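Student: Could you walk me through this structure? I'd like to go slowly and learn the terms as we go.

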Amino acid sequence: MSNSLRLGIAGLGTVGAALVRIVQEKHDMLTARCGQSVVVTCVNARSKSKDRGVDLSNLTWIDDPVELAKSDDIDVYVELMGGDGDPAYSSVKAALENGKHVVTANKALLAKHGVELAEIAEQNGLLLNYEAAVAGGIPIIKVMRESLTANSVTRVFGILNGTCNYILTRMEDDGLSFEECLKDAQDLGFAEADPTFDIEGNDTAHKLSILASLAFGTRIAPDAIYLEGITKITIEDIEAARELGYRIKLLGVATKTPNGVESRVHPAMVPLGSAIAEIGGVTNAVSIEADTVGSLMMSGPGAGGDATASAVAGDICDIAKSKPGHQHGPALGQPAHSLLPHERSQMRAHEGGYFIRLTVQDKPGTMASIATRMAEQGISLESIVQRKHKKSGDEDSHAPIILVTHETTEHAINAALEGVKSDGRLVGHAQMIRIEKLT
Ligand SMILES: NC(=O)c1ccc[n+]([C@@H]2O[C@H](COP(=O)([O-])OP(=O)(O)OC[C@H]3O[C@@H](n4cnc5c(N)ncnc54)[C@H](OP(=O)(O)O)[C@@H]3O)[C@@H](O)[C@H]2O)c1
């Protein structure tokens with residue numbers, strides 16, 4: 001290493017350009033805090049001619065990210081291109097194989113190749129830092145990897161996707177449909193033109209897979225996560241939830257159970273007034289429950305150029321402060337080879353309370369049928385509410401019914417709903433939303 005810590009940055013978009021500006025504008029402060037000057041030497045993006053609003057005139061442009069990653073003119077390779085394939089994967093691997101520390105904000109890359117990359121970093125005595133990959137500006141990785149070393153985590157959960165939280169917040173605040181709120185989020189730049197990855201929960205699953213690995217010492221396994229997005233949530237669900245004292249959030253939850261780690265992403269009811277229910281708009285939050293510290297929650301900006309670059313800069317400063325030749329802590333909190341397998345969650349075995357919204361034929365015996373089918377499965381009801389009738393032309397009138405159950409299993413709920421359906425009482429789809437029990 002030279003006297004300065006030299007950065008090679010691949011990707012000069014929202015986060016990369018913000019990082020270049022922060023490193024340039026805050027040079028003196030960073031030098032004082034890191035005990036070493038931190039400078040950008042080499043950069044790369046797809047288009048060399050695009051104006052990025054930052055001064056790149058003294059920096060070396062290297063066309064190929066893999067060549068940038070191997071360059072003798074850098075000490076740290078900062079990957080801010082995104083994507084789980086090449087060039088992100090091949091360039092990060094090349095950096096680690098060529099003695100460069102790596103900082104990345106790329107959750108998709110880590111979800112797919114994180115264990116392999118962590119292993120290469122360990123073998124070569126290098127740091128692989130990725131604070132910005134989960135919940136943007138919230139320093140949750142550092143907390144889990146370092147500050148909670150003396151804890152056994154029992155549950156980690158959170159609101160990990162700002163787009164979904166924005167949509168659900170607008171639906172409740174303004175009484176708008178899912179489609180209207182999605183369009184609004186796209187117009188404001190909070191949602192991608194193709195929002196599938198966010199609204200179907202995949203983005204949350206990527207982040208949860210990293211948190212679960214850190215929390216429980218398991219291999220990063222996004223495919224092991226039960227996945228359900230927010231596209232089926234209606235304004236009727238949101239209104240009924242509020243009347244019953246709940247708010248709907250898209251949660252990523254990983255829990256230690258006697259059968260292994262249960263990891264799931266789905267819309268969940270959380271009690272109004274709880275800290276997690278109060279997280280609105282694009283804000284993210286992560287909550288950890290552990291034996292020594294108890295419960296803690298961190299909230300803040302989960303995205304945005306400056307907030308994300310803040311986390312990237314923090315990772316870079318940790319590298320500047322690390323001692324050359326010193327054994328670094330493993331990227332995933334424990335040696336990659338010692339991580340346990342993470343089996344796919346069996347949601348049938350999930351235990352909790354359930355919110356169920358049914359539209360039924362308004363005929364005598366319907367309530368009795370529902371009560372009988374629930375009782376057959378040993379499900380005890382906390383409340384059952386029949387709402388106002390809705391006439392639809394010459395057809396029978398339809399009645400919306402809201403059930404809230406006490407703790408039961410998902411297997412029992414599914415069996416009871418099958419029973420109600422086979423009794424011929426159900427009109428359309430039965431909406432089921434899990435109630436997240438908070439401590
Ligand atoms: N934006 C956020 O708020 C946020 C929050 C947390 C984490 N992250 C993560 O941070 C990373 C960067 O996100 P971003 O929002 O900054 O993305 P972005 O605005 O789309 O920027 C991506 C940058 O990478 C460059 N790039 C893409 N493919 C490339 C290739 N094949 N070769 C060379 N350069 C390539 C692009 O070049 P051109 O500019 O020339 O097209 C662009 O400069 C992603 O992993 C993302 O998941 C972002």
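Tutor: Let us start with a term: on a 1 Å grid over the protein atoms alone, a cavity is a set of points where a 1.4 Å probe fits but cannot get out, whereas a pocket is an open set with protein on both sides within 12 Å along at least five of seven lines, and lining residues have an atom within 4 Å of a point. Grid points are joined across faces, edges and corners, and a volume is the space filled by probe spheres set on the points. This is a predicted model, in which local features need pLDDT of at least 70 and side-chain atom pairs count only at pLDDT 80 or more, while totals for chains, interfaces and linings use all residues. Residues are numbered from 1 along each chain as its sequence is written, and side-chain values use heavy atoms, with hydrogens and water left out.

Student: OK, how many cavities of 30 Å³ or more are there?

Tutor: The count comes to one cavity of 30 Å³ or more, and the largest cavity holds about 40 Å³ of space.

Student: Which residues line the largest cavity?

Tutor: Its lining is made of E131, I141, K142, R145, E146, D315 and D318. Helices here are DSSP runs of H or I with at least four residues, and strands are runs of E with at least two, numbered from the N terminus. The elements giving two or more residues to this lining are α6 (140-147) and α12 (305-321), and α6 has the largest share, with four residues.

Student: What kinds of residues are those, nonpolar, polar or charged?

Tutor: The lining of the largest cavity divides into one nonpolar, no polar and six charged residues, where Ala, Val, Leu, Ile, Met, Phe, Trp, Tyr, Cys and Pro count as nonpolar, Asp, Glu, Lys and Arg as charged, and the others, Gly among them, as polar.

Student: Switching to pockets, where does the second largest pocket lie?

Tutor: Domain 2 (148-301) and domain 3 (347-435) both give residues to its lining, so the pocket lies between them. The domain bounds come from an automatic or database domain assignment, which also gives domain 1 (4-137 + 305-338).

Student: And what is that pocket like?

Tutor: About 710 Å³ of space lies in the second largest pocket. It is lined by 31 residues, of which T255, K256, T257, G260 and E262 lie nearest its centre. Strand β10 (260-271) gives the most to this lining, with four residues, and the lining divides into nine nonpolar, 12 polar and 10 charged residues.

Student: What about the largest nonpolar core, which residues touch the most other members?

Tutor: A nonpolar core is a set of buried Ala, Val, Leu, Ile, Met, Phe, Trp, Tyr and Cys residues joined through side-chain atoms within 4.5 Å, and buried means under 20% relative accessible area, exposed over 50%, and partly exposed in between, using a 1.4 Å probe and protein chains only. Of the 83 residues in the largest core, Y77, Y130, I140, V156, I167, L211 and I230 touch the most other members. Helix α10 (residues 202-216) gives the most to this core, with eight residues. A second, separate core of 36 residues includes C34, L59, L80 and A311.

Student: Last one: is G378 buried or exposed?

Tutor: G378 counts as exposed because its relative accessibility is 61%, and it sits in the loop between α13 (366-376) and β14 (381-386). G378 and A412 are 34 residues apart in sequence and 7.7 Å apart in space, C-alpha to C-alpha.
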